[in-house]
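Please look at the chain below with its inner spaces and its sheet in mind. My notes follow in numbered points.

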Amino acid sequence: MEQEKSQPYRPLVLTSIADVRKWRLSCTLANKTVGLVPTMGALHQGHLSLIKQSLKNNGATIISIFVNPSQFAPNEDLDAYPRTVEDDISLVSQLSDTHAGLETKVDVVFLPNVKEMYPSGIPLDVSQQSGAFVSVLGLSEMLEGKTRPNFFRGVATVVSKFFIIVTPTRAYFGQKDYQQSLVIRRMVKDLLFDIEIVVCDIYRDDSGLALSSRNKYLDGPTVEMSTNIYRMLKHGKDLYEQQNITSVAELQKQMMAVIQPFVDDGAMKVDYISINDKDTLEELTEIDTNKGGCITCAIYVTNSSDDNVTRLIDNILL
């Protein structure tokens, strides 16, 4: 008699809040800690590094895949945002680690639809929105908040919903979205969520380019050009740490020189290059060597093949 072949592992895929809550109760009854990794899908190695950290830290891990409409403005790329759900599930199915001497895998992929997450509806036009939203004032208005004024309200709202649904022990975010990580930490503190926020290092490819789902928009030459964004940030860090340059204006000038040829060619456009306090995001004019700071940037890059424009963000800590 032939032995049946074992089926490849696949996490439980849940689409309803009620089912996630039932699963979460089973974790409580089994005395398991729960790690949550919120994503918008189009997973890459950066996401997988967050998931691997959760597998090390917790008895159970759940990831969410939800392209959140409330963090997109009407003129942004909500419809075009890459959606690769089956590939995403296949990727996370292959992950495993060990926690407390037991093998851990991704237990659940939560795939809610917009109606499940926004029962009152969510038009993209903010003036038409109604209902409950979460705003984290004081950290949301600068940097990304200047270009995308409702972005962090959307992020804080949807993340708070996931926290309420899942009640995780820990939740995992990447440092690439540095401002977002500060917003989430403040929200957790001020709204009294009993959740540990874990911020993991930026995952970069061999060239230094920070991995992002939006990198899928870039053609080959633009990927190569975009590696100069990290080269610029690293140059600023080296000037500060090796040459003791603490003047923000001087650092910005010398960093800008790294990418100026691409700006002159029209292949890059700078949204901002900013040096900020690591905790408050206050813009600095002089860096306190006892505190350091954070260099953040947002750069528009244009494909040579199709003139498609993509906005990339990155940062480096001093």
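1. What volume does the largest cavity have? About 130 Å³. A cavity here is a set of points on a 1 Å grid over the protein atoms alone where a 1.4 Å probe fits but cannot get out. Volume is the space filled by probe spheres set on the points, which are joined across faces, edges and corners.

2. This is a predicted model: local features need pLDDT of at least 70, side-chain atom pairs 80 or more, while totals for chains, interfaces and linings use all residues. Residues are numbered from 1 along each chain as its sequence is written, and side-chain values use heavy atoms, without hydrogens and water.

3. The largest cavity has 16 lining residues, meaning an atom within 4 Å of a point. Nearest its centre lie Glu144, Lys176, Tyr178, Gln179 and Ile313. At least two lining residues each come from α6 (151-166), α7 (178-190), β10 (294-302) and β11 (309-317). Helices (H or I, at least four residues) and strands (E, at least two) are DSSP runs, numbered from the N terminus.

4. Strands β9-β10-β11 form, in that order, an open antiparallel sheet. Pairing requires at least two DSSP bridges. β9 (268-276) and β11 are the edges, each with a single partner strand, so one side of each has no neighbour in the sheet.

5. Eight bridges join β9 and β10 in the antiparallel sense. Ile275 has Ile295 of β10 as its bridge partner. Helix α8 (residues 220-243) packs on the sheet and touches β9, β10 and β11; contact means heavy atoms within 4.5 Å.

Technical notes
On a 1 Å grid over the protein atoms alone, a cavity is a set of points where a 1.4 Å probe fits but cannot get out, and a pocket is an open set with protein on both sides within 12 Å along at least five of seven lines; lining residues have an atom within 4 Å of a point. Axes are lines fitted to C-alpha atoms, for helices over the stretch in contact, and angles run from 0 to 180 degrees between N-to-C directions.
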